Amino acid sequence: HVPFCQDICYYCACNKIVTRDPDVSRRYLNYLHREIELQAEMQGNKNPVRQLHFGGGTPTYLDHAEMTELWHDLATHFNLLDQGHREYSIEIDPRTTQADCIALLKGLGFNRISLGVQDFDPLVQKSVNRIQPYSMVRDLVGHIRHHDFRSLSFDLIYGLPNQDRYTMDATLDKVIELKPDRIACYNYAHMPDRFSSQRAIDRMSLPTPATKLTIQEHIADKLSAGGYIHIGLDHYVLASDDLASAQQQGRLQRNFQGYSVQMADDLLGLGVSAISQMGDYYVQNERGLDDYYAILDKDELPIARGYKMNTEDKLRKHVIMELICN
């Protein structure tokens, strides 16, 4: 988890720190290196890393040298794969990612990219302080296709201010034209008391619950007509995607990053606020940077809380997984 962003998106409910101070990433990497060392001592480097995900914040807040350093740090302490069936993915912000960054990510070993699109309508973008014209995303998709990434995903959000069925219809036309392999359409939850950035959104400009339902139904119909399979909840994939075949074969799962192909039993979270699922345990790191740093200064894992599943939890988990995947 790389928590830094250059600008605030008003809708965001992620654990992020908005700053343009280039020194914050240097300090964060130093502490992340120590956490990686401590975890590697516990986990060892024998088990292959089948899936790797860089999220945030904005992972590409790191410059090229820092991104390369972090990748090599992980490769030194864990058994990263350079071939075979693996999913190494990263979330990128089209506003701050250039063609040379796409080339770097491919060269390091990433094979999946997720783009935060949200909406292509100019008024909606202005309302949530995320201006990224269609041409910007289209050009970036071209660079991603040029470097032959295994998969491209788009994140969309419905329920944003000034959205309606017709604006979403225009956005979906552009999305289908660009043909990402996977599309996640998330429901915006307006909770300004919990997320201070959402207070900048005019509540009166939000679509009504009835309009949101209409938008949701239209998304499902439009993407289905455009060749996408609704695999569950808010995710759509092309029939050729691994997730579609995994669902047909009963191998689909859902974890903290959304739907995924079952590749490993354990998930190790690194960085501030990251969540791990190891055996019967769920463990979360400290959510605040100062607390995260303070525990690592003691050469201890920066864990804030944990929970061990009992027999009923495991049954409940199995039932929920079956409902949302199959």
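Predicted model: local features only at pLDDT ≥ 70, side-chain atom pairs only at ≥ 80, totals over all residues.
Colleague: What span does helix H1 reach from its first C-alpha to its last?
Modeller: Helices here are DSSP runs of H or I with at least four residues, strands are runs of E with at least two, and both are numbered from the N terminus. H1 covers residues 23-43, which makes 21 residues. The expected span is 1.5 Å times one less than the number of residues. For H1 that expectation is 30 Å, and the helix comes close to it, reaching 30 Å.

Colleague: Which elements do the buried residues of H1 pack against?
Modeller: Buried means under 20% relative accessible area, exposed over 50%, and partly exposed in between, using a 1.4 Å probe and protein chains only. The buried residues of H1 include Tyr28, Leu32, Ile36 and Gln39. An α-helix has 3.6 residues a turn, so residues three or four places apart point the same way. With contact meaning heavy atoms within 4.5 Å, the buried residues of H1 pack against strand S1 (4-5), helix H2 (64-77), S15 and helix H9 (289-296).

Colleague: What is the order of the open sheet of three strands?
Modeller: Two strands pair if DSSP finds at least two bridges between them. Four bridges join S14 to the antiparallel strand S15 (residues 281-285), and Met278 has Tyr281 in S15 as its bridge partner. Strand S14 (275-278) and strand S16 (303-308) are the edge strands, each pairing on one side only. The pairing is antiparallel and the order is S14-S15-S16.

Colleague: Which strands stand at the edges of the sheet of seven strands?
Modeller: This open sheet has mixed pairing and the order S4-S6-S7-S8-S9-S11-S10. Each edge strand has a single partner, so one side of each is left without a neighbour in the sheet; these strands are S4 and S10.

Colleague: Are H6 and H7 roughly parallel or roughly antiparallel to each other?
Modeller: Axes are lines fitted to C-alpha atoms, for helices over the stretch in contact, and angles run from 0 to 180 degrees between N-to-C directions. Helix H6 (residues 165-178) and helix H7 (residues 209-225) have axes that come within 10 Å and cross at roughly 25 degrees. Angles under 35 degrees count as roughly parallel, over 145 as roughly antiparallel, 65 to 115 as roughly perpendicular and the rest as oblique. H6 and H7 are therefore roughly parallel.

Colleague: Is Leu233 buried or exposed?
Modeller: Leu233 sits in the loop between strand S10 (228-232) and strand S11 (235-238). Its phi is positive, about 45 degrees, although Leu233 is not a glycine. With a relative accessible area of 52%, Leu233 is exposed.

Colleague: What is the relative accessible area of Ser273?
Modeller: Ser273 is not a glycine either, yet it has a positive phi of about 70 degrees. Its place is in the loop between strand S13 (258-261) and S14. Ser273 is buried, with a relative accessible area of 9%.

Colleague: What is omega for the cis peptide bond that joins Gly56 and Gly57?
Modeller: Most residues other than glycine have a negative phi, and most peptide bonds are trans. Gly57 lies in the loop between strand S4 (51-54) and H2. For the cis bond joining Gly56 and Gly57, omega is about 20 degrees.

Conventions: Residues numbered from 1 in each chain as written. Heavy atoms only, no water.
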